[in-house]
Amino acid sequence: MKIRHATVLLPLILLAGCAFNGENQSRELDLKGLCTEEQVFQYEDFSWGIDAEEVFKQSSLKFDEKDLGQTKDSAKTYTSEEEFSLENEKANMDLEFSDDQLNQVSFTFEIEKDAKEWIQKEVDELNSLYGSGETTGFGNQIYQWKGEQNTVLQMTAFSKNDEKATVILSVASFEYSVGS
């Protein structure tokens, strides 16, 4: 009798454990998903210029509006509830809209250990995918790759030292930017 109860309870315990464990998982950020075949930088199938409602309909992600103290209603930012990971570092996705048109998708990583190596590895990967990007900056570095249709992929690294950094990885369209 005890064995029968154990065989019934064991799958339930495993299923509950998997469900609990799944809540803390993050989605892997695929760097190949930042550019279309036409060499337009964008995040997967989030087309530039679509409105927030359309993004929310087509995405399985949930977003919260981020209060950045913006004075204009024409600029809004939304943050994903789900985390993304890139080489064991985590970030949330930020969607930026200008006049209710998507103009930027970004991920902000807080690197706490071996930042210099992490940044170089990602830059090398992006260079292998999209060709040699431009590098600018003194102290803080900006790496940039230009795409078709006035789009850009940019990695900005605000280094605290070789160990720690804040890194913002973003794709943007200048056609739908504020002031365009």
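## Surroundings of Ser170

Apart from neighbours within four places in sequence, Ser170 is in contact (heavy atoms within 4.5 Å) with Gln104, Val105, Ser106, Val152, Leu153 and Gln154. Ser170 belongs to strand β9, which spans residues 165–173, and is buried with a relative accessible area of 10%, where buried means under 20% relative accessible area with a 1.4 Å probe, protein chains only.

## Basis of the model

This is a predicted model, in which local features need pLDDT of at least 70 and side-chain atom pairs count only at pLDDT 80 or more, while totals for chains, interfaces and linings use all residues. Residues are numbered from 1 along each chain as its sequence is written, and side-chain values use heavy atoms, with hydrogens and water left out.

## Fold and surface

The protein chain holds 3 helices and 9 strands, taken as DSSP runs (H or I of at least four residues for helices, E of at least two for strands) numbered from the N terminus. Along the sequence their pattern reads α-β-α-β-β-β-β-α-β-β-β-β. Of the 180 residues in the protein chain, 36% count as buried.

Leaving aside neighbours within four places in sequence, the contacts of Tyr43 include Leu34, Phe84, Met93, Val105 and Val171.

How values were computed
Buried means under 20% relative accessible area, exposed over 50%, partly exposed in between (1.4 Å probe, protein chains only).
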